[in-house]
Amino acid sequence: MFEYESLGPLREAGAAAAADPMVRQIALDLTGVTLADSSMLSELLLLLRTGRLVLVGHVPHALERLFDLTGVRDLFPLVDGSAGARVV
């Protein structure tokens with residue numbers, strides 16, 4: 001479940017992965033997300049700007065709805081697995 005308190009760890013892990021030149025891809029598994037808001041979307045967009053973010057697995061309904069409402073669904077690449085990627 002995504003909660004406001006989850007933003008700090010997401011932000012820290014994402015920043016660490018983005019700053020590491022050895023990380024070629026940042027894979028984010030969001031399958032457990034049950035609530036998503038504009039704060040989470042903002043963090044995802046910041047990670048997307050690195051050019052290395054991919055979403056892993058199934059995108060939950062709460063996040064799909066947020067993506068649809070904001071018109072950003074097609075911006076986020078989706079992969080089936082996390083092989084060879086650092087999952088944050």
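Biologist: Leaving aside its neighbours within four places in sequence, which residues is E43 in contact with?
Modeller: Once those neighbours within four places in sequence are set aside, E43 is in contact with L7, L10 and R11, where contact means heavy atoms within 4.5 Å. This is a predicted model, in which local features need pLDDT of at least 70 and side-chain atom pairs count only at pLDDT 80 or more, while totals for chains, interfaces and linings use all residues. Residues are numbered from 1 along each chain as its sequence is written, and side-chain values use heavy atoms, with hydrogens and water left out.

Biologist: Is E43 buried or exposed?
Modeller: E43 has a relative accessible area of 9%, so it counts as buried; buried means under 20% relative accessible area, exposed over 50% and partly exposed in between, with a 1.4 Å probe and protein chains only.

Biologist: And where is E43 found?
Modeller: E43 is found in helix 2, with helices (H or I, at least four residues) and strands (E, at least two) taken as DSSP runs numbered from the N terminus. The buried residues of helix 2 are M40, L41, E43, L44, L47 and L48. They cover an arc of only 160 degrees around the axis, which puts them on the same side of helix 2, the arc being that of the directions from the helix axis to the C-beta atoms.

Biologist: What do the buried residues of helix 2 pack against?
Modeller: They pack against helix 1, strand 1, strand 2 and helix 3.

Biologist: Let's go to helix 1, then. Which of its residues are buried?
Modeller: In helix 1, L7, L10, G14 and A17 are buried. Their arc around the axis is only 105 degrees, which puts them on the same side of helix 1, whereas E12 and A19 are exposed on the other side.

Biologist: How many residues does helix 1 have, and what should they span?
Modeller: Helix 1 runs over residues 7–19, and at 1.5 Å a residue its 13 residues should span 18 Å, which agrees with end C-alpha atoms that are 18 Å apart. The expected span is 1.5 Å times one less than the number of residues.

Biologist: Changing topic: how many residues has the largest nonpolar core?
Modeller: It has 21 residues, and those with the most contacts inside it are L63, F67 and F76; a nonpolar core is a set of buried Ala, Val, Leu, Ile, Met, Phe, Trp, Tyr and Cys residues joined through side-chain atoms within 4.5 Å. The elements that give two or more residues to this core are helix 1, strand 1, helix 2 (38–48), strand 2 (53–56) and helix 3 (61–70). Helix 2 gives the largest share of this core, 5 residues.

Biologist: How many aromatic pairs does a search of the whole structure find?
Modeller: The search finds 1 aromatic pair. The rings of F67 and F76 have their centres 4.6 Å apart and their planes at 5 degrees, so the pair is stacked; rings of Phe, Tyr and Trp (its six-membered ring) pair if their centres lie within 6.5 Å, and planes under 30 degrees apart count as stacked, over 60 as edge-to-face and the rest as tilted. F67 and F76 are both buried.

Biologist: Last one: where is I26 found?
Modeller: I26 is found in strand 1 (residues 26–29), and it counts as buried because its relative accessibility is 0%. I26 and V54 are 28 residues apart in sequence and 6.1 Å apart in space, C-alpha to C-alpha.
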